[in-house]
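Here are my notes on the model you sent over. Have the coordinates open while you go through them.

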Amino acid sequence: MIALIGHDQKKAALIEFVRLHLDFFRSQRLVATASTGKLLQTHLGLTHVECVAHGPYGGDLVIGGRVAEGHVTAVIFFRDPLTAQPHEPDVSALMRVCDVHSVPLATNQTTAEAIIDWLRTTHAPR
């Protein structure tokens, strides 16, 4: 499963990134925070996205729990480093759990490209 998250100011960039790799993402199990997931469904027709809570309402923590349980292979989280987030402790917890469990975490397009390349070579579609 791949987790997709985007801060409000980065959602358009995340949608465009997924659009560039749409064939890949169509073949993957996906989980996303609520508003990001709804945008993926609406703009890209990805009907198989599991939507959890909105980020500030615990969605980042839900995804972090999935990481800790071993259900998430990679997290693509387009963060906005220039805007303070009211749920920053949750974001930090998600990043920490990715580090603890050695789950790749991309926070921008360049690292997301690297993760997609890695997944294409090491993980068969599910």
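The points below go from confidence to strands to helices.

1. First, the ground rules. This is a predicted model, with local features needing pLDDT of at least 70 and side-chain atom pairs counting only at pLDDT 80 or more, while totals for chains, interfaces and linings use all residues. Residues are numbered from 1 along each chain as its sequence is written, and side-chain values use heavy atoms, with hydrogens and water left out.

2. On confidence: pLDDT is the predictor's own confidence in each residue, on a scale from 0 to 100. The chain has a mean of 92, and 96% of its residues reach 70 or more.

3. Take a look at strand E1, residues 2–6. Five of its five residues are buried, where buried means under 20% relative accessible area, exposed over 50%, and partly exposed in between (1.4 Å probe, protein chains only). Both faces are covered: Ile2, Leu4 and Gly6 sit on one side, with Ala3 and Ile5 on the other.

4. Which strands does E1 pair with? Pairing here requires at least two DSSP bridges between two strands. E1 runs parallel to E2 (residues 30–32), joined by three bridges, and Ile2 has Leu30 as its bridge partner there. E1 is also parallel to E4 (residues 74–78), this time with five bridges; in E4, Phe77 stands opposite Ile5.

5. Now helix H1, residues 11–20. Its buried residues are Lys11, Leu14, Ile15, Phe17 and Val18. Viewed down the axis of H1, they fall within an arc of 160 degrees, so they line one face of the helix; that arc is taken from the directions from the helix axis to the C-beta atoms. Ala12 and Leu20, on the other side of H1, are exposed. The cover over the buried residues of H1 includes E1, H2 (22–26), H3 (34–44), E4 and H6.

6. Ile116 counts as buried because its relative accessibility is 0%. Leaving aside residues up to four places away in sequence, Ile116 touches Phe17, His21, Phe24, Phe25 and Ile76, a contact being heavy atoms within 4.5 Å. Ile116 and Ile76 are 40 residues apart in sequence, with 9.5 Å from C-alpha to C-alpha.

Terms used. Helix = DSSP H or I, 4+ residues; strand = E, 2+ residues; numbered from the N terminus.
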